[in-house]
Amino acid sequence: MTPWPQVGRTEQTAQLTNALDRPASGPVVISGAPGTGRTSMLRLAVTLAERHGYLVLRLRPRGAGAMAALRGVLPPGPVPAPEEAARTLRTLAGGRRFMVVLDDAHLADHETLLTLRALNRSHTTALVVSRTAITRGEDDPAPRPDPTDCLMYERGLVHLVLPPLGPRDVAELFTRLVGGPVRQATAAALHALTGGVPRRLHELADAGLVRCLAERRGRWEMTEPGPLDPALPREAADAAAAARRAWACLGLDQAEELCRVALWQRAEADVADVWAVVLLLRGRGKEAAAFLDSLPPSAAADGDDAEPARLTFARALVTAFGLGKPSEAADLLLLRALAARPDRDSRRDRHLAQRAWILAVTGAAEPEANLDRGDRETALFVHAAQAALAADRPQQAVLHLRRALAVSEGCHVESAWLPAYLRGELTGALARAGRPVSAAAADRAQEPVAAAVAAMLRGARATAGPDLREAATAVPNGAETGRSRTARTSARDEVPAR
């Protein structure tokens, strides 16, 4: 088991030490969610008490029966009243300083807690208990009363609350474990993965997380596993889900580190689209393409043979901007759009809109003008494509950029990086149009994700080839285009291009 340093509990440790130094202290109640270190703090209390010469009585819950936690401590016979039981316990000390500790006191019986309260009120016994919030079970008609509530209004109460560790505490923890400073993004990723809960961090360390770290430029960070490296168990924490949450919040550095943890957990398929785009934004386009090519064939969530739409778009991005082949990317999206089932219009329209955006930002040609905008993600790409085509007309660009950002707000957008980039583009378009730009808007244009996407697109425009205009108009024989299909929709559903 990994040796575990104590971090993030300096204030609570000082309060506990001061309480045990006072002869007439009130009860010490240690509160915290499961896994936050309540039992460890209780063990520290026992160590401090024994160092001060206390006689320590350790109790644990034994059910809801009266005096159940004191079974084996009190003499056999009828259940005594709490005051009488307290007098009996005082005789056990034989005049020595006495301390009673009770872990998980919220699970103990009420009579035991009333007895310990009476014992502590006599000023001859220190009392330290730990508790967590009682939750209501699915079959429980009402939550069970917390027996520790009888201690919470005692004079001299010392209430130690153990919150989860913060990112700085996680950084300090792993700095001690690896013997050197840890990269800030790595600490933030591990904090996001575990919620800062010490038990989950301990489980990750015991599972072998430390061997997944390496020192680079004086800081320790996550590495990418080799084919022969042993896997990191996934039970300790779901890195793939955490990586998606970080990516949705545009945490590029954090998403990168969490994707690496997911790779160690052999969860490549669950982060494939995120990891590929992260590699692309890091300037590792060829590695992103090789990673996508190494994935086994996957099935969509509903069990058909189609690849998930977000993974298809990731392939198109890597092909267009990582390999410098936007014509192949446009063909890929067009073929996947035409292969979509008739009842899956959102996938078809979205791929066509994504294709239009890639063609527009690479300067190939003007894409289809009458693409359906059945959902917000599709409309986002349609307006983004029109904004790209109007780059030399800043007033028009501002109009389309604002429309794109409007449809991206208030909903989940899988391509969350695109609105971040468009906000930066809007700042530039406003400046070119002679309109005022706030300092906050200028700062948003320099956000890591926005800056990385802008750099990627600048490189694509610089290397775009003349063959793209053929890709913009190439449609397989007999295929129905977005324009022809839109022409057959009702006037009520048609959204003309502006």
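A residue counts as exposed when its relative accessible area is over 50%, and as buried when that area is under 20%. The model described here is predicted. Arg-217 has a relative accessible area of 76%, so Arg-217 is exposed. Arg-217 sits in the loop between strand S6 (213–216) and strand S7 (219–222). Its backbone also stands out. Phi of Arg-217 is positive, near 50 degrees, and the residue is not a glycine. Most residues other than glycine have a negative phi.

Met-67 is a further non-glycine residue with a positive phi, in this case about 60 degrees. Met-67 also belongs to a loop, the one between strand S2 (55–59) and helix H3 (82–93). Its setting is buried, however. The relative accessible area of Met-67 is 6%, under the 20% limit, and therefore Met-67 counts as buried.

Attention now turns to the helices. Helix H13 comprises 14 residues, 326–339. From first C-alpha to last, H13 reaches 20 Å. That is close to the 20 Å expected at 1.5 Å a residue. Several residues of H13 are buried, among them Pro-326, Ser-327, Ala-329 and Ala-330. Leu-332, Leu-333, Leu-334 and Ala-337 of H13 are buried as well. In an α-helix there are 3.6 residues a turn, so residues three or four places apart point the same way.

Two of these buried H13 residues, Leu-333 and Ala-337, are touched by His-351. His-351 lies in helix H14 (residues 345–361). With a relative accessibility of 1%, below the 20% cut-off, His-351 is therefore buried. Leaving aside residues up to four places away in sequence, His-351 also touches Ala-309, Thr-312 and Arg-336. Within its own neighbourhood, the side chain of His-351 is joined to that of Gln-354 by a polar contact of 3.1 Å.

The model also holds open space. Rolling a probe the size of a water molecule over the atoms shows where empty space is left. The largest pocket has a volume of about 500 Å³. Its lining is made up of 22 residues. Those closest to the pocket centre are Trp-4, Gly-37, Ser-40, Pro-198 and Arg-199. Helix H2 (38–51) supplies at least two residues of the lining, and helix H7 (198–207) likewise supplies at least two.

Definitions and conventions
Residues numbered from 1 in each chain as written. Predicted model: local features only at pLDDT ≥ 70, side-chain atom pairs only at ≥ 80, totals over all residues. Heavy atoms only, no water. Helix = DSSP H or I, 4+ residues; strand = E, 2+ residues; numbered from the N terminus. Expected span 1.5 Å × (residues − 1). Buried < 20%, exposed > 50% of the residue type's maximum accessible area, 1.4 Å probe, protein only. 1 Å grid on protein atoms, 1.4 Å probe; cavity = no way out; pocket = protein on both sides within 12 Å on 5 of 7 lines; lining within 4 Å. Points joined across faces, edges and corners; volume = space filled by probe spheres on them. Polar contact = N/O pair within 3.5 Å; in protein donor to acceptor, adjacent residues only side chain to side chain. Contact = heavy atoms within 4.5 Å.
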